[in-house]
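Here is a friendly briefing to read alongside the model.

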Amino acid sequence: MQKRYVGLLSLLSGLSYQTDATIEELSAISVSDVIYDSRRAVEETVFVCTVGEMHDSHKYAADVYEKGCRVFVVQRKLDLPVDVVQIVVENGRIALAKMAHAYFDNPAKRLHIIGVTGTKGKTTIANLTASVLNGLGFKTGCIGTNGVTFDGVTTPTGYTTPESYELAQVFADLLARGAEYIVMEVSSLGVKQHRIEGLNFDIGVFTNLSPDHIGPKEHATMEEYIACKADLFRRCSWGVLNADDVHAKVMAEACVAENKRYCTYSLSAASDYRAWDLSSWQSANALGEQFCCNVFGKERMFQIGQPGEFSVSNALAVLAVCRLVFEMRQEEACVDQIEAALKAAVVPGRIELVSALPDATVIIDYAHNELSMESLLTTLQQFDYKRLVVLFGSVGCRSQIRRAQLGHVASKYADFCILTSDNPDTEDPMQIVDEIALAFAGSDTEYIKIPDRNKAVAYAISHYQPGDMIVLAGKGHENYQLIDGVKVPFCEKEIVLRIADTMQAAL
């Protein structure tokens, strides 16, 4: 691929910096890329040094110099040869973000960006919103936990909110492929690490907030966690806030502080978008909810293909976003189209039904901790089944407490459990399974231990009973198993369908 050269001065535009180089010297420099990973250093690139909780890339400067790099953006002046141009900034991550977007010609300015933040529900709301907008004919990409999805193709990413350079690169790629809208998950760590620096969002969505991601490598305090979530709403034209969460007030204050507007949605509180008359529906290949809502000037009944009250809350957020999108486009909303697109929307790995067995229900879900597992299993209680079969494991190299919590929840709600692997990494899978099994002491729920997840899924499908509801929990959208530090290909949905096809062929 041909190199693309950009003038260094244009990359520094908008940055506050100090340097010993003259304007003439800076004007004479063009670079072929902006890099922050020393392993990618080559001649004619500019290396941006960043400082994080665990790493300080300034220490790699000498190695980067040996690879031919002569332009460095640093937070402190380094002892480097005299032929190096050093540009000193206050924060390398902020500099990286602004320079990366400039390098790719600021693609975000030509896109409509919708950000979704919160402890739970980000992935579902982001994917639902993208699915509905695409269903309405608006070319929309989605960035988040599941990767980057556009035109039916999903590409994995390393983070829920990619690093600023990769984010700018994704924006440029999607813009070139015809995208108009981007819906992206905005994680609190993404905000803290300045990955969204320089972006302006048309709409920001707040789902909820609960104690999470508090620790040495994440957020020092709950106050910091809340502040990072609120930061999104200082960057968006409109906020869409869940009034059922007490922290919505903080997000609203962030909007007001920057003279931004916001609206609210709720299942029970007074709000701009409120649902009532909630009820469940079930068919041979679907579970879902229906509800009434006054969104477009009159009462309408909406149906969604995801069960649970929380799914209705998610749908309200999507409807609010759709309303704002049409207002921003200065177009009249086609409510029938929105209703159809919402009902048809699917979020991979989030209570995803797999049509595999003629007289049993198979569900794949990402639930991998106590809260998400309990939410999932209590939601399924309202539907008809003869047995609730739950297959799950617990991630390796993590707290044993999580294993006990998962085991306790499953033993409380399930009729039968299959204990297996879920990204065991360097731990012995059987040891993890044995630790989960301790939580079943005193429970009437039967279980079996099958540490090989392939074999466990095969057992669940081949030993099903008519009327079973089989839940495969933990993997969700993931297409790998992490074993001994290696991501081994593993797609649960494909395994289910293959086993079911083999069973059908044998009849």
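Leu 377 has 0% relative accessibility and therefore counts as buried (under 20% relative accessible area; exposed means over 50% and partly exposed in between, with a 1.4 Å probe and protein chains only). The model is a predicted one, in which local features need pLDDT of at least 70 and side-chain atom pairs count only at pLDDT 80 or more, while totals for chains, interfaces and linings use all residues. Residues are numbered from 1 along each chain as its sequence is written, and side-chain values use heavy atoms, with hydrogens and water left out.

**Around Leu 377**

- Leu 377 belongs to helix H12, residues 370-380 (helices are DSSP runs of H or I with at least four residues, strands are runs of E with at least two, and both are numbered from the N terminus).
- Setting aside neighbours within four places in sequence, Leu 377 is in contact with Leu 388, Val 390, Val 409, Ala 410 and Tyr 413 (contact means heavy atoms within 4.5 Å).
- Gly 476 is 99 residues from Leu 377 along the chain, and their C-alpha atoms are separated by 15 Å.

- The largest nonpolar core has 45 residues, and Leu 133, Ile 203, Val 205, Val 240 and Phe 291 touch the most other members (a nonpolar core is a set of buried Ala, Val, Leu, Ile, Met, Phe, Trp, Tyr and Cys residues joined through side-chain atoms within 4.5 Å).
- Helix H10 (residues 309-329) gives the most to this core, namely 12 residues.
- Another core, of 33 residues, lies apart from it, and its members include Leu 174, Met 184, Ala 254 and Cys 255.
- Beyond its neighbours within four places in sequence, Val 240 is in contact with residues including Ile 203, Val 205, Cys 263, Ala 317, Ala 320, Val 321 and Leu 324.
- In H10, 15 of the 21 residues are buried, so the helix is mostly covered.
- From first C-alpha to last, H10 reaches 31 Å, close to the 30 Å expected at 1.5 Å a residue (the expected span is 1.5 Å times one less than the number of residues).

**Two helix pairs**

- The axes of H8 (residues 222-231) and H9 (residues 248-257) come within 9 Å and cross at roughly 50° (axes are lines fitted to C-alpha atoms, for helices over the stretch in contact, and angles run from 0 to 180 degrees between N-to-C directions).
- That angle makes H8 oblique to H9 (under 35 degrees counts as roughly parallel, over 145 as roughly antiparallel, 65 to 115 as roughly perpendicular and the rest as oblique).
- Ile 226, Lys 229 and Ala 230 of H8 make the contact with Val 250, Met 251 and Ala 254 of H9.
- H15 (residues 453-462) and H16 (residues 492-506) pack at about 45°, with axes 10 Å apart, which makes H15 oblique to H16.
- Residues in the contact include Val 457 and Ile 461 of H15, and Ile 495 and Ile 499 of H16.

**Positive phi values**

- Most residues other than glycine have a negative phi.
- Asn 259 has a phi near 55° and sits in the loop between H9 and strand S15 (261-266).
- With 73% relative accessibility, Asn 259 counts as exposed.
- Ile 351, not a glycine, has a positive phi of about 45° and is placed in the loop between helix H11 (335-344) and strand S19 (352-354).
- At 8% relative accessibility, Ile 351 counts as buried.
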